[in-house]
Amino acid sequence: MGELLSLDFMRQALLAALLVGVAAPMVGVFLVQRQLSLIGDGMGHVALAGVAVGLLTSTSPVITALIAAVLAAVAIEWIRARGRTSGDVALAVMFYGGIALGVVLISKSPSGTPANLNGYLFGAILTTSSTDLMVFAALAAVVLVVTAVLRSRLFAVAHDEEYARAVGLPVTALNVTLAVLTAVTVVVSMRVIGLLLISALMILPNATAQLLGRSFAAQVRIAVLVGVLSAVGGVVTSYFAATPSGGTIVLFAIAAFVLAALAHGLLRRIDARAHAAAERHDHEHGPGCGHEAIVHDDHVDYLHDGHRHAPHQGHYDEHADHESASHEHTH
Amino acid sequence: MRIDPSPQPGDAPSAGTAAASVISMTDAAFGYDDRPVISGVTLDIAAGEVVAITGPNGSGKSTIVKGLLGLSQQLGGRVELFGVDRAHFHEHTRLGYVPQRHTLSHAVPATVREVVGVGRLPHLGWFSRPGRRDRQIVDEALELVGLADRAREDVSTLSGGQHRRVLIARALASQPEVLLMDEPTAGVDVANQHVLADVLGRLAERGTTMVIVTHEMDALTGFLTRVVCTRNGAVDFDGDLAAYAHRHEHPGEPRGGHHHFDEEPPTRPRPVPDSGPADALRRLPHG
């Protein structure tokens, strides 16, 4: 009986981990792109004050945390949009104020045990009520749908805000939406990963993907894969090893990052050996540049003084000499 | 939204340049934080013109272009885009903006095609995905700037000049009727400047209206039809290339007043209004 219950519960926990594993990197990619990686961390601090208010007034801590985080999101975006240097200090006051208020208020609440506080700060999915899990699942689904619909616009704004404004995209509304999506993700993840660690699941899978991806689409795919594997792997491990779920998940994400970094370094070495850089020249190869273009597998080589030059990142690689090496080309 | 690119003769109540006027500024002032950077700008730019705005750093040349786009504040005067007051102008895609390169985020990889695809966004509904026609337009824009062979590469691996061409392609993908460019050749090496000038020359040949903010006119003289100089927050020259050259040779002579393009024989055949590259894209079938 107990076995079954816990199995049933485990199923819910895994579903929550799966949703968080998808949602956090999907929202996080835009934060990384806008170089606001630590914003989620700040929202987590403020959300703790919300949790405390909930515990103190015996209302649902999820609802109060959500309200606090969304208010913080709007305030952050407002401060950021004003672009004042004092904004940085304003954010610090808000973030530390949030966590300090949270700790003090929780100590005064009837259910404010240190274990309870730890559960919110570092995640304790195995002690979360199934009603809360249902709420988290619903919120995570909303985050996923909204992010998916807005994806190309969020990309445009994060990539080049000035251009987005010039073509008439609703830049301010999109920025506020991203901040609110971040806030909701923080709250959704607080029982799985914890308010102090949630930013890690938004950022680390994207850091891993940055090493491996060569397009935005690939970046998102890899980050979501790493996020899901870390979240699900972390929850399963924390169940068997009796460790806190949040820390376990984040350690998984860090392991993925380290592996990717090692693989990346290795690939670059192999790459450097396989590539011979062509001599530097002041000419830019391209269609109609005057040099014969030769299709070579997935790219185009340009015949330059009998050598085949293949564009590679910022320079040209020397590819196998063409048979007609006598064919002299000058420019 | 599809807009007929060629103003029909007799469409507008007033004859002459007014009918074809793409950008019209009368005593306009632009700036930031309520402080004007440039003022007293009176310029009429007609379809098919290729105008260079040049001048020393801080003279306000970029501020004019940003003002047209709503990126800097308009602090006085009248500004009309396609005959509509700028404050009420909402057909943003009719203006194609090519910003300076340093505004872009390289924190996350993005391919050339993904960046150029952003140009299609203003034409897409909130719930629709780019279709075959959008992809075709992106392909043509890449072809036009000579980057079709680089479409799948990460933009952060490209050189400065190639990057600038990506941004031109992005602007073209939104099928604009005029291109506004901010320092397209700045920080670009000589080899790439030639490629870039070729691309702009090709666009000029097709009749694209262009306003190019630039330091380096030398690369562009082949296709410019008009030069506007700014100095100390005001326009102090407006004329064609010959008048500009004359002014350089005879700096002592009184400064040229406002010069109207239509008083001079055009230096190149006046292009047919709807033969721009964007128009070629616009003619693509609906997919």
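This is a predicted model: local features need pLDDT of at least 70, side-chain atom pairs count only at pLDDT 80 or more; totals for chains, interfaces and linings use all residues.
Trainee: Which residues meet in the packing of helix 2 and helix 5 of chain A?

Mentor: Leu48(A), Val51(A) and Leu55(A) of helix 2 meet Leu117(A), Tyr120(A) and Leu121(A) of helix 5. Contact means heavy atoms within 4.5 Å. By class there are six nonpolar, no polar and no charged residues. Ala, Val, Leu, Ile, Met, Phe, Trp, Tyr, Cys and Pro count as nonpolar, Asp, Glu, Lys and Arg as charged, the others, Gly among them, as polar.

Trainee: Why is helix 4 of chain B called oblique to helix 5 of chain B?

Mentor: Helix 4 (residues 132-144) and helix 5 (residues 160-173) of chain B pack at about 140°, with axes 9 Å apart. That angle makes the pair oblique: under 35 degrees is roughly parallel, over 145 roughly antiparallel, 65 to 115 roughly perpendicular, the rest oblique.

Trainee: Which residues make that contact?

Mentor: Helix 4 of chain B gives Ile137(B), Val138(B), Ala141(B), Leu142(B) and Leu144(B); helix 5 of chain B gives Ala169(B), Leu172(B) and Ala173(B). The classes are eight nonpolar, no polar and no charged.

Trainee: What makes the aromatic pair of Phe30(A) and Phe216(A) tilted?

Mentor: Their centres are 5.9 Å apart, with 40° between the planes. Rings of Phe, Tyr and Trp (its six-membered ring) pair if centres lie within 6.5 Å; planes under 30 degrees apart are stacked, over 60 edge-to-face, the rest tilted. Phe30(A) lies in helix 1 and Phe216(A) in helix 10 of chain A, 186 residues apart.

Trainee: How do you know whether Phe30(A) is buried or exposed?

Mentor: Its relative accessible area is 1%, so Phe30(A) is buried. Buried means under 20%, exposed over 50%, partly exposed in between (1.4 Å probe, protein chains only). Phe216(A), at 3%, is therefore buried.

Trainee: Why is the pair of Phe82(B) and Phe89(B) called stacked?

Mentor: Their planes stand at 15°, with centres 5.9 Å apart, so the pair is stacked. Phe82(B) and Phe89(B) are buried.

Definitions and conventions
Residues are numbered from 1 along each chain as its sequence is written. Chains are lettered from A and ligands numbered from 1 in the order in which they are written. Side-chain values use heavy atoms; hydrogens and water are left out. Axes are lines fitted to C-alpha atoms, for helices over the stretch in contact, and angles run from 0 to 180 degrees between N-to-C directions. Helices (H or I, at least four residues) and strands (E, at least two) are DSSP runs, numbered from the N terminus.
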